[in-house]
Amino acid sequence: MSGRRVVAFPSSAELGPALSSLVTSRAERAISSRGRFTLGLSGGSLVSMLSKELLSLPQLDCSKWICAFCDERLVSFDDPESTYGLYKNNFFSKVNIPDTGILKIDSSLPVAECAEDYCKKLRNAFPGETIPVFDLLLLGMGPDGHTCSLFPDHPLLEETEMIVAPISDSPKPPPQRVTMTFPTVNSARCVAFVSTGGSKAPILKEVLEGREGPALPAARVAPQNGELFWLVDEPAAASLTLQVERPGSGAKL
């Protein structure tokens with residue numbers, strides 16, 4: 001791991017352009033060296049921020065992008081809880097990403113079969129790799145310290161074999177989901193968390209500076225051979241005592 005960088009911006013309005021800069025710079029790097037860019041997406045507030053910022057770029061070319069989902073809810077794609085559905089409406093339908101470049105679940109399957117099917121899709125997209133190595137994973141963090149659909153004290157935190165796993169007892173609804181596991185997350189070339197708002201300040205401090213008891217799921221994200229960014233706004237960073245970068249507007253990561 002090449003080190004963790006915690007980067008704070010005055011507000012999410014300044015964070016957004018830095019996030020899009022990170023995505024496009026890692027895309028250029030990946031396409032230059034490997035001919036494609038593999039991106040793992042998460043839901044929540046990240047959908048609108050990322051879509052808005054990327055769509056504002058004048059010459060965005062997604063023709064060589066492969067997009068997957070760090071986790072997904074087992075609901076129909078027209079359900080407002082569907083992460084794919086949100087990205088389809090807000091982003092995919094407005095850019096030149098081919099249908100074959102979007103790896104989505106089959107929401108008609110039972111959750112265990114759905115995870116198995118999604119695992120096959122990832123393996124087909126990453127031939128020859130025991131664990132898929134994504135160029136960039138974008139993650140969020142819940143108020144309990146969960147990330148993807150990896151929740152505190154859940155058995156999936158100790159999963160070492162599966163690259164994606166089913167979960168049918170998510171403490172946050174909807175209960176049935178498919179999620180990447182830590183072996184996949186920690187194999188990525190770059191992982192970036194986005195965490196904003198004062199309500200995240202207490203849990204962000206516990207994740208980044210430690211706490212008594214087991215490490216929270218988000219704190220267990222540590223790419224073995226990759227970069228790790230925490231992109232936060234000042235309200236979220238308010239309780240931190242560790243060293244934080246404050247690059248200002250126009251920052252390149």
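**Reading a predicted model**

User: In this predicted model, what is the relative accessible area of Asp61?

Analyst: Asp61 is partly exposed. Buried would need under 20%, and exposed would need over 50%. Asp61 falls in between, because its relative accessible area is 44%.

User: Where in the chain is Asp61 found?

Analyst: Look at the elements on either side of Asp61. One is helix H2, residues 45-55. The other is strand S3, residues 65-69. Asp61 is found in the loop between H2 and S3.

User: With which side chain does the side chain of Asp61 make a polar contact?

Analyst: Start with the folding of the chain. Asp61 and Ile97 are 36 residues apart in sequence, yet 8.0 Å apart in space, C-alpha to C-alpha. The polar contact of the Asp61 side chain has a distance of 2.8 Å, and its partner is the side chain of Asn96.

User: Which helix supplies the largest share of the lining of the second largest pocket?

Analyst: The pocket has a volume of about 230 Å³. Its lining divides into five nonpolar, three polar and three charged residues. The largest share, four residues, comes from helix H1.

User: How much space lies in the largest pocket, and which residues are the closest to its centre?

Analyst: The largest pocket holds about 380 Å³ of space. It is lined by 21 residues. The closest to the centre are Gly43, Gly44, Gly140, Met141 and Lys172.

User: How many residues of the lining of the largest pocket are polar?

Analyst: Several elements contribute to this lining. H2, S4 and strand S8 each supply at least two residues. By type, five of the lining residues are nonpolar and five are charged, while the polar ones number eleven.

User: Which residues of helix H3 are buried?

Analyst: H3 covers residues 83-90. Its buried residues pack against strand S2, helix H2, strand S3 and strand S4. The buried residues are Thr83, Tyr84, Gly85 and Tyr87.

User: At the start of H3, the backbone nitrogen of which residue does a side-chain oxygen of Ser82 reach?

Analyst: Look at the start of H3. The side-chain oxygen of Ser82 comes to within 2.9 Å of a backbone nitrogen. That nitrogen belongs to Gly85.

User: Why does the structure hold zero disulfides?

Analyst: A disulfide is a covalent bond between the sulfur atoms of two cysteines. The two sulfur atoms must lie within 2.5 Å. For Cys114, the closest cysteine sulfur is in Cys119, so the gap is too far for a bond: 12 Å.

User: What is the relative accessible area of Cys114, and what is that of Cys119?

Analyst: A residue counts as buried under 20%. Cys114 is buried, and so is Cys119. The value for Cys114 is 0%, and for Cys119 it is 17%.

User: Where is Pro174, and is it buried or exposed?

Analyst: Pro174 sits in the loop between strand S6, residues 164-167, and strand S7, residues 177-180. Its relative accessibility is 14%. The limit is under 20%, so Pro174 counts as buried.

User: Which residues does Pro174 touch, not counting residues up to four places away in sequence?

Analyst: Sequence separation and distance are both worth checking. Pro174 and Gln224 are 50 residues apart in sequence and 31 Å apart in space, C-alpha to C-alpha. Contact needs heavy atoms within 4.5 Å. Leaving out residues up to four places away in sequence, Pro174 touches Arg73, Val75 and Glu81.

Terms used
Residues numbered from 1 in each chain as written. Predicted model: local features only at pLDDT ≥ 70, side-chain atom pairs only at ≥ 80, totals over all residues. Heavy atoms only, no water. Buried < 20%, exposed > 50% of the residue type's maximum accessible area, 1.4 Å probe, protein only. Polar contact = N/O pair within 3.5 Å; in protein donor to acceptor, adjacent residues only side chain to side chain. 1 Å grid on protein atoms, 1.4 Å probe; cavity = no way out; pocket = protein on both sides within 12 Å on 5 of 7 lines; lining within 4 Å. Points joined across faces, edges and corners; volume = space filled by probe spheres on them. Nonpolar A, V, L, I, M, F, W, Y, C, P; charged D, E, K, R; others polar.
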